[in-house]
Structure formats: C-alpha cells, structure tokens
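Here is a short tour for anyone who likes to look at a model region by region. Have your viewer ready and follow along.

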Amino acid sequence: MNTLYFDNNATTCVAPEVKEAILPFLEERYGNPSSPHHFGGSIEGDLSTARQKVAALIGASPKEIFFTSGGTESDNLAIRGVLSMDTTRKHIVTTAVEHSAVLVQCRELEKMGIDVTYLPVDSEGTLNLSDLEKSIRPDTALVSIMWANNETGVLFPIDEVSRICQDRGILLHVDGVQAVGKAPIDLTQTRIDLLAISGHKIHAPKGVGALYVRSGIKIKPLFWGGNQERGRRPGTEPVPMIVGFGKAAELALESIREDSGRMRLQRDTLERGILERIPDTIVNGGKDPRLPNTLSVCFDRVEGEALLMLMDQNGIVASSGSACLSHKLEPSHVLLAMGVGEETAQGAVRFGLSRYTSDEEIQQLLETMPALVDKVRSLTRRVGRS
Amino acid sequence: MKRDSPTTRHAIPINWTENLMSKRVYMDHNATTPVDPEVLEAMLPYLTDCYGNASSVHEWGIEARYGVEKARVQLGQLLGVPEETLTFTSCGSESNNTILRSVAHQHSSEGCHIVTSSIEHPCIYRCLEDLESSGSVAVTWIDPEEHGVIDPDKIGKAIRPDTRLVSVMLANNETGVVQPIREIADVAHAKGVGVHSDTVQALGKIPIHLGDLDLDFATFSAHKVYGPKGIGAFYAKDPTSIVPMIRGGGQENRLRAGTESVPFIVAFGAAAEKAFRVQNEEAGVLDKLRNELQSRLIEGIPEAVVCGQAAERLPGTLCICFPGVLGTYLVLDLAEEGIAVSSGSACSANQSKPSHVLVAMGIAPEVAQGAVRFSLGRANSTDQIDELVTTTVNLVKQQRDHPPGKDEELDLLSLCD
Ligand SMILES: Cc1ncc(COP(=O)(O)O)c(C=O)c1O
Ligand SMILES: Cc1ncc(COP(=O)(O)O)c(C=O)c1O
C-alpha cells in the first residue's frame, strides 16, 4: 500500500538535494566551525553560504539571520529577547490563533506580570485591523503575529500590520514558519523587525530554524555560551542541518512560483471534490488570502480522531490540526476562535500539500475519502455521541 | 564515493584513519568528533523515509516517536539511569543554561547562591554571570588546585545557608582533568544542596554512572561522542524541578518545546549505544596513545609543561605548553601541515588571551600562551604519532627561532572574529 502523505504542515520530507548537501558534513567535513584549522576553517564558508541562501529566500541580508534549533526557539528568542531589552514595557499584542510556540509562552509571561492582548478573528479567520490599532498602548513592547496559520492556512495582512506598527513605533515579530517557502516573503518590501522560520517545513531536517533580526534591532539571547551566531545563539553550530536548511531555502526560492501555482490548483481540486462528494462539509478559512497548500475542513457528524485513524489504516496521512497538540482530544483553539461550534470543530481534518504531491495522489485521496467519512458517520450514528 | 540510490539508502561507511592518514591528522576530538559510520547508518532512514513528526498520532508519527524513545533508552543505558529522567535539547550549551536557570528560577523569591568552579565552559560561566548581573543569583567561583583538580573541601566551605546548587564539570575540555564529582556531591548533599555536573566532555570517554555519582543534574552533547552537532540532552533526577527555557508544544514531556529533531536524536542514541559497547576498550587504547605522544613530545621539547599531569585525565586529552611559543600560531602552523589540534576550547580559539582554565590552575600566563591541546579519538592510530611529533617539534623550534612579529599578530586578529 502506498501512503498518501498529506501532513506537510506538520512536517515535510527532506528533499533529495538537501540530503545530498548534508551528507559530506556528516562524513568527511566534520570540523568545528569555530576551530582555526582547516578541518573547521573551510566550514565557515559553508555556513555563510547557507546564511546567504536563507537570507535570500526572505529578502534579508545575511547578517540579519541567526540560526536556531527551530521555529519554536526562534519565537521564544524573539519575544523574550525583545521583552528583556526594555523591562519597563510590559505589554504585548498577539492573536488568539497563534501557534503554541507563541501562545504557551504568552501565557507564561502573563504569570510573570506581562499583559497580553489576544486579538480575536472573525469566522473566516481574518483579523480586524482596527482591533490591532486599539490594542496598542504606551507600554506595548511588541506585536507578535503569525503570517500564515498552521491549521487553516489563512494569511494575515502583514503589510498593513507592519504599517500600523511602524506608525505607532512598535516592534513587530512575525511567526513566518508556515508562510516561508509557500507564500512570497520579501522583507525589502515589508518591514518586519523579527521573523521566525523553521527548516523542517521546507524540506530541510527537523531541528534547525532561524530568526531574522532586522539590522539595528537589539535582542537579548535566550541563553549564553560561546560566540557562535555572534553571541545571539551559542552552542556548536549544527553544520549539517544549517547547510541542509540553506539548500532547502535555495530550492524553495527557485521553485516557489511554480510550486505554489501547482499546489493551489491541486488544493482547489481537492476542495471542490470533497465538497461535491461529501455532504455537510465546511471549509475553514476558505476565502483568499490563504496558503496555496492548505485545506482545513470540518465534516459534520464526524469524530475527527476516529476518521484520522481510519484514514491512517487506509494509508492516508493527515491531521486534525497542530501536531504539537494533537494528543489532546480538545477541539482546535483556532477553529473555536473562528466561532466554529465545539462539535463541528471535533470533525476537523487538515490536508497539507507539498512540492512532491502529485495530481494522482489528489485523485486517489478524492476517491477514498467519501467512503471513509461515510463509515465514521454511520458508526457515530449507531454508537451515538457521548 | 558513490552516494546512495533510493534502494540502497545507507551510506557506505568511511574509514577516517585510512582517509586521513594519507594527508591529514585530526586530533581535535574535544572540539568535535566525526559522526561514526554506525551512527550515520542509524540516522539515515530518519533523514529520508521516516520523516514523520514524532508528535503526530498517525503511523508516520509513531515510527518517528519510536526512534526518539529508543534513543532515550540507549542514552539511559550508557548513563545508568531510567530514560524518563532524560530530556533532549539542541546542544550542550542549551542543556547547561536550562539547568542553571531552572535552579535560579525556582529559588528566585528566597535568594539563590550557586557554587561553581573557575574552569567551567563559557556556557556555564556566562550564564551564571548573566544571572548574577540581573541579581537572580550570587555565585562563588572556586579555583582549582595546581593540577587542575577542584578540592571538595573548598566547595564545602563555600556552601552557605542560601546555597541551592553546586555545579562542577566532570572533565575539563582543555586539560581533560577529571573532577572528584562523587566527593563533591557527598559534601554538597550533606548540606542539603543539589549538584549539577557538565559531563559534555566526559561522556563516552570514561564510564559515567549517574546513580553512582549521585548527581541531581547532568548535561550532554552528542557531537563529542561521535554523534552529530546540534543535539544535546540533560538529566534531571527529578524532572519536575525543571523550568522549561523554550516553551510551546508539549514535546519532551513539556520540558523542551519544538518539533523533535528525530534523525539527530536517533543518531545521539546510536552514538550512546556504541559508546556503551566500546568505551572501556577505547579508553585503554587512547590512554596508551596519549601517553606515548606525551612522552615523545617531552623528549623533543624537554621544557614543555603538561597541564594536569598529576591528575586523573580523560584518556585522549593532552594539553601541553611549549614555553616561548604562542599556541594560537602553532595551531595555525600545524593546520598548514594538515594536523588539526586546538589551542584551547574551540569556542574561544579565536582569542589570543591565555586560557582562563590554565591561568586558574596557576600556570604563568606566558607559559599558558604556549598551550596546545591534542585530543585523540577514533580518528587516530599509532602510526600517526611519528610524523606528528616530528612536525610539532620542528614547528616549535622554528617559532622560537623566528618569533612572529607585530604584523602577523594583526593578521591573526583580523582572521579571527
Ligand atoms: C506557525 C508555526 N509556528 C511555529 C512552529 C514551530 O516550529 P518548530 O516545529 O520548528 O519548532 C510551527 C510548527 O510546528 C508552526 O506551524
Ligand atoms: C565542557 C563543555 N561543556 C559544554 C559544551 C557545549 O556543547 P555544545 O557545543 O553542544 O553547545 C562544550 C563544548 O563545546 C564543552 O566542552
């Protein structure tokens, strides 16, 4: 049985080119980049090439890129790094639909005396910009807003957000983990102070990410050690992962137009097909602008977890929402914030496409899904809902 | 070398000694180690086919989760502790900072004093300096004795009623000197104080049984034990005492958020498993090799001073000072000859200051400036010693005859940081 992998918002496969780029650094070229001898010496160059490639993907300059262990660390570094620079500012603004990397941290900060405003979204998952305007206070340290939502793919109007933050003189951090590589990001056009990205969502390995810090912005490191990453992020550099991230960024930049065009067509086919074949289905956040690769649906009268298990048995891999939280059977905080009822939200399934998704896989998925949803619905009818 | 096709996805192991003998000698294993071919083989499937997110509930996720948990068991076996006391992180530095900040955070309201040594790695002392400057902790720094050993009595005397932690490394990265951690732990525990040890350098080089050492916290990094860079771990006897430093998803039992770096965690596990199998035998081999290198170098340069010679040292580590020579230059000269060694810890290799570790041991700064660290490991064999000794002795003599001028010094500084 071949597997249909539709969980690319949770994580992606490592691109073959990326793996090829990584291998020499796991084999012969193992020196420590901080060492002066040539086992290490030449590796500095490879790190800076990777930095250039990651910078190019988002329209940044290489010296604005700081490598980290992933999106979560980058979000933590951005938010706490800004807050600890000026401890008189005790307020931050974020949204109710952020990833846990931001939300869990904000809840912790609240315990430490930081005020957090969680901006609401409407039923389409969009933000009301006047809410943002109103939320900013004299002691606001930071606005932290995601570019693309990991569950629905909804894109926030970062250009407008950026303008508001600039007008009000407030630093802006953007969680760009889902957007990067799928939506065009050009920081020469959009002024953002900090941007978190992660390798494993763009076909690099898990465990590497980066924080873009706009030139001139000062942040305090999360932790201390050697002078790696100019002291902002100590620890021996994970050279293979960073080189892989660089390669993945290069590939993403080369193919983003083509990939996003193709994924959009495939996703739209999938969406139309599902709505036609499976009654009582709603699309979450289905209006543009949305990531081209993401489709989130709720099947009415379906226990999402049961459906996902049945799909898994039939070789279809997708998820109910964020992988980090998927052990909990609670409905998604994102869908609840969009006003989706608790029962309906239980039936949520997220499909995430990638560069490697084929048209045939979309067709196979469409052919298999109706029977699986039917089966779960009839079971639910018989057993009754608890 | 032919790379794998999709059907033969496992890399062909390389033989470093053979590969390097011809032209290069790598003797900088304390800076970082090559990835062992067995480790690479274990991790590759997770870099290619098994790419699921370990937090996902579907089969791909379960497969990835299996890899992560197996690695935890393997590391637990090497350390002699239950796997649920181990948490994966991104590196040794992160692990060390997590422990120190947890302790500081837990005792923030009642005052927190920490006793440590003056020969710790920057990720310990810079973290403590930061906590000190923000007023969260008070720190007492204990200097080592002449041979680089921390005296447990001095630790005991430094403990105050508000002392919450003693943190002393198990083995020093520069000298390889092994600290009497069990004695230090006994002294601290007798006064009700918890003990942390940075065991990054010791792991895999000498047996570490965390239960026998009676530690409350310990920290590790994979790239010093033939695993990849960018993966680390910490041990907490009581995991509930940890305050997470990176928050978000519920990974690592809520102690460390972020999508698990599955291939690299699997690699760490495989590296631990191999260390468990070979560490005793390997230690014997490296001890002999190091001692041979040491006596041959002293034969060639009789004034050379071996750091920590009278102390118990890691089997492969030789830190030796050549008076009248600048270690940083010697390292560059050796590099030109294809020999990779270091003048101190790699993180500070770019500084021409004498090492804080050697100075703390009471070695005169002008002698300490001539320090070179040879750290031996799996990439070395006996037949490399002859050429290495001849080259080193010649270069030392050369440098003494033609000391580097002012201009070169400028060059070096611009070449570095
Ligand atoms: C929007 C968003 N932010 C942050 C993260 C965290 O990134 P990482 O998994 O690299 O820690 C994720 C993915 O898990 C995400 O989707
Ligand atoms: C004693 C010691 N502690 C901590 C570290 C830091 O480990 P990492 O480079 O994985 O952050 C090192 C090595 O760099 C070390 O030698």
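## Where the chains meet

The contact draws 62 residues from chain B and 59 residues from chain A. Please keep in mind that this is a predicted model.

On the side of chain B that touches chain A, the elements giving two or more residues are α2 (37-47), α3 (59-79), α4 (92-106), α5 (122-133), α9 (262-300) and α10 (327-336) of chain B. Which of them gives the most? That is α5(B), with five residues. Sorted by class, this side of chain B has 30 nonpolar, 22 polar and 10 charged residues.

## The site of ligand 1

Ligand 1 is surrounded by 17 residues, and the closest are G70(A), G71(A), T72(A), N150(A) and T259(B). Because the surrounding residues come from chains A and B, the site is shared between chains.

Helix α3 (residues 71-83) of chain A supplies the largest share of this shell, three residues. By class, the shell around ligand 1 has 11 polar, four nonpolar and two charged residues.

## A sheet in chain B

Chain B has an open sheet of three strands, ordered β9-β10-β12 with antiparallel pairing. Its edge strands, β9 (305-306) and β12 (371-375) of chain B, each pair on one side only.

Five bridges join β10 (residues 317-321) of chain B to β12(B) in the antiparallel sense.

Key
Residues numbered from 1 in each chain as written. Chains lettered and ligands numbered in written order. Predicted model: local features only at pLDDT ≥ 70, side-chain atom pairs only at ≥ 80, totals over all residues. Near = placed C-beta within 6 Å. Helix = DSSP H or I, 4+ residues; strand = E, 2+ residues; numbered from the N terminus. Nonpolar A, V, L, I, M, F, W, Y, C, P; charged D, E, K, R; others polar. Contact = placed C-beta atoms within 7 Å. Pairing = 2+ DSSP bridges.
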